[in-house]
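Take a look at the structure below.

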Amino acid sequence: MIIRRTVEILLAAIIVIAGVVAWRALNPPQPGPLPVVPCRVTIADPASGVAEVSLDFDEAALRHRRQLILVFGDVRGSSKMLRAFSAIVDGRAADVRSEDVRGALVYFVPIADGARDLSIRYTIDPTYFPPGSDPGEPADSRSRITAALAIVRSSSLFPRFDLPGAKLGVEFDLPRAWTAVTPWPLEEGRVIVPADVGAPVEYLPLGPFETREIQAGATVIRVAIPALVATGTFPVEAIVTRELELVAAPLKRPGPFVATVVPDGFMHGGAAGDHTIVQSSAPQVLAHEVFHWWNDSTLTGPDAMWFREGLTEYYGIRVAREAGAWPPEAEAACLADLNGEMRALEEGAPRSLKDASLDPALTRLVYSKGALFWTLIDRRLRASGRYLEDAVRRVVTSPRDGLTTEELRTLFSSVYDGLVDDEFNRYVIGANRLPDLGLGPATGRSGCARELTMSVGSDDVSRF
């Protein structure tokens, strides 16, 4: 009886062990978090426009991993950007597979059991043109390396990993007198760069930049300006201070932040990341991009680009004057050109700001008509002793993201007791032309209206 019972127990144990083995075969141990991956960025010849990047994974990083997935989101499947890619596992070339997934170039690197090291090398041209820009005009890009300096979009230089919390420990090997200015922490001589699929996009100045720090409340902003390159007089402190006064709310994220000024010929307009902005020396562009640190791309939904860009354009123009960076005449010329651009774009038929927000072909209308819509709203409110900032503050401090046009309309109606409902219904929701704002003739020379600036010199500009 005892022997029989012992055999039953042994058989049961064998069955349990077999079950565990079978389950483990189907469910291998989950790898732990990816350690910080050493990375080196080398720009040996900036005139070539390319960077050499190396990533090195040790045994701890590879343990229990069957493959590594790297996503180059900005490459859009183009070999013109990613010009070479190799992966060496334990001294042998890996059988790498790549796919174009919704415009991103994705690499799948197989990892054998017991692999001790993986070395990835690639050559990349990080030039990035946003949708709707002119690829034939270098200054329309938002990321590129030149002989004089570079602005590099993080997602155009570094891959993203399908691993939560992935980070790169980056060393920059740059030409003499060049430096890298980033918003990220420095640990043991390496810049710690977020590299998982949800990492925000940032714009990094690389070059002969001089930096200074300014305090915005409890937040530090690093200002980077190319040494010995004319960028005009740039009252960064005055612009940031004025926006802090107007919004009267802390920046959406803790710092530090980086504000980079580049020569006008290097970039048309500007761009904003979560903690970085880059722009030409036009003061209204700086004010515009700084305002995006409150009014960013996560705050509103796709149908509310009129709020994200139109309101930000309006505040950029207004703050440039109020901060003393622009005379009133410059503000007036800018608004007149935006008015001319809007009239030209709506010459065939008016469009609602909500519809224009959803149509990539009407992006410039969102900027021009959006800014003038907020000019109209601000005038309407001031005439009644009210202030636009009361509602704006409510929006930018909202705990929710992805606010829709309808939610914004409801909020403004509530804050102002219906005072601006008609304007929202006629111009945001409805397809109607804005009334005459008394802005004077357009000249196309302020630099504010892209579509109108392209027509300078023609006989048609002044009629708008």
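This is a predicted model: local features need pLDDT of at least 70, side-chain atom pairs count only at pLDDT 80 or more; totals for chains, interfaces and linings use all residues.

Which residues of helix 4 are buried? They are Val236, Ile239, Val240, Glu243, Leu246 and Val247. These residues lie on the same side of helix 4, because they cover an arc of only 125 degrees around the axis.

Helix 4 has twelve residues, 236-247. At 1.5 Å a residue, helix 4 should span 16 Å. Its end C-alpha atoms are 17 Å apart, which agrees. Ala248 follows helix 4, and its phi is positive, near 50 degrees.

## The nonpolar cores

In soluble globular proteins, nonpolar side chains tend to be buried together. Here, the largest nonpolar core holds 73 residues. Trp306, Trp374, Leu388 and Phe412 touch the most other members. Helix 9 (residues 363-383) gives the most to this core: ten residues. Leaving out residues up to four places away in sequence, Trp374 touches Trp306, Phe307, Gly310, Leu311, Tyr314, Leu388, Phe412 and Phe424. Another core, of 48 residues, lies apart from the largest one. Ala87, Val89, Ala94 and Leu118 are among its members.

## Lys167

Lys167 sits in strand 12 (residues 167-173). Its relative accessibility is 35%, so Lys167 counts as partly exposed. In sequence, Lys167 and Cys39 are 128 residues apart. In space, they are 9.8 Å apart, C-alpha to C-alpha. Leaving out residues up to four places away in sequence, Lys167 touches residues including Pro35, Val36, Val37 and Ile192.

How values were computed
Residues are numbered from 1 along each chain as its sequence is written. Side-chain values use heavy atoms; hydrogens and water are left out. Helices (H or I, at least four residues) and strands (E, at least two) are DSSP runs, numbered from the N terminus. The expected span of a helix is 1.5 Å times one less than its number of residues. Buried means under 20% relative accessible area, exposed over 50%, partly exposed in between (1.4 Å probe, protein chains only). The arc is that of the directions from the helix axis to the C-beta atoms. A nonpolar core is a set of buried Ala, Val, Leu, Ile, Met, Phe, Trp, Tyr and Cys residues joined through side-chain atoms within 4.5 Å. Contact means heavy atoms within 4.5 Å.
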